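Q: Please take a close look at one part of this model with me. I would like to follow its charged side chains.

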Amino acid sequence: MEPQTFEDYANSILFQCVKVMSVKKNDYAENNNRYSNFEESAKIAGINPEQSIIVLMGVKLARLRQLTVNNKEVKNESIDDSILDLINYALILGGFKKQLQ
């Protein structure tokens, strides 16, 4: 991929990521706390919120492995959707760590 083409791709993906996060935060966030769902799931699992986010990243990585390495047929969520989710989880993890500082 040419550098400019890759930059265009990256910008497009990041724009989609922000769009998806903006929509999903209304479904998952409580009291305007973007991280409330991760904090609650961490309490339920007896882990910290960072670990909760990392577990979700692991689920996406495992799914991507099944679809790409094992050539499993995509039936619902596309590979691109899983990649967007993985990027978003990384951004959420970074944002959570930043707000703790």
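Is Lys-60 buried or exposed, and what is its relative accessible area?

A: Lys-60 is buried, with a relative accessible area of 11%. Buried means under 20% relative accessible area, exposed means over 50%, and partly exposed lies in between (1.4 Å probe, protein chains only).

First, some ground rules. This is a predicted model, where local features need pLDDT of at least 70, side-chain atom pairs count only at pLDDT 80 or more, and totals for chains, interfaces and linings use all residues. Residues are numbered from 1 along each chain as its sequence is written, and side-chain values use heavy atoms, with hydrogens and water left out.

Side chains of opposite charge can pair when their charged atoms come close. Here the term is salt bridge: a side-chain nitrogen of Lys or Arg within 4 Å of a carboxyl oxygen of Asp or Glu. The structure holds four of them.

Take Glu-77. Its side chain meets that of Lys-60 in a salt bridge, at 2.8 Å from N to O. Lys-60 lies in helix 3 and Glu-77 in the loop between helix 3 and helix 4, so this pair ties together parts 17 residues apart in sequence. Helices are DSSP runs (H or I, at least four residues), numbered from the N terminus. Glu-77 is partly exposed, with a relative accessible area of 24%.

Asp-85 sits in helix 4 and Lys-60 in helix 3, so the pair links parts that are 25 residues apart in sequence. Asp-85 counts as buried, at 10% relative accessibility.

Next comes Lys-24. This residue forms a salt bridge with Asp-85, and the closest N and O atoms are 3.6 Å apart. Lys-24 is in helix 1 (residues 3-28) and Asp-85 in helix 4 (residues 79-100), so the pair ties together parts 61 residues apart in sequence. At 35% relative accessibility, Lys-24 counts as partly exposed.

Lys-24, Lys-60, Glu-77 and Asp-85 are linked in a network of salt bridges. Lys-60 is buried, and Asp-85 is buried. Lys-24 is partly exposed, and Glu-77 is partly exposed.

Terms used: Helices (H or I, at least four residues) and strands (E, at least two) are DSSP runs, numbered from the N terminus.
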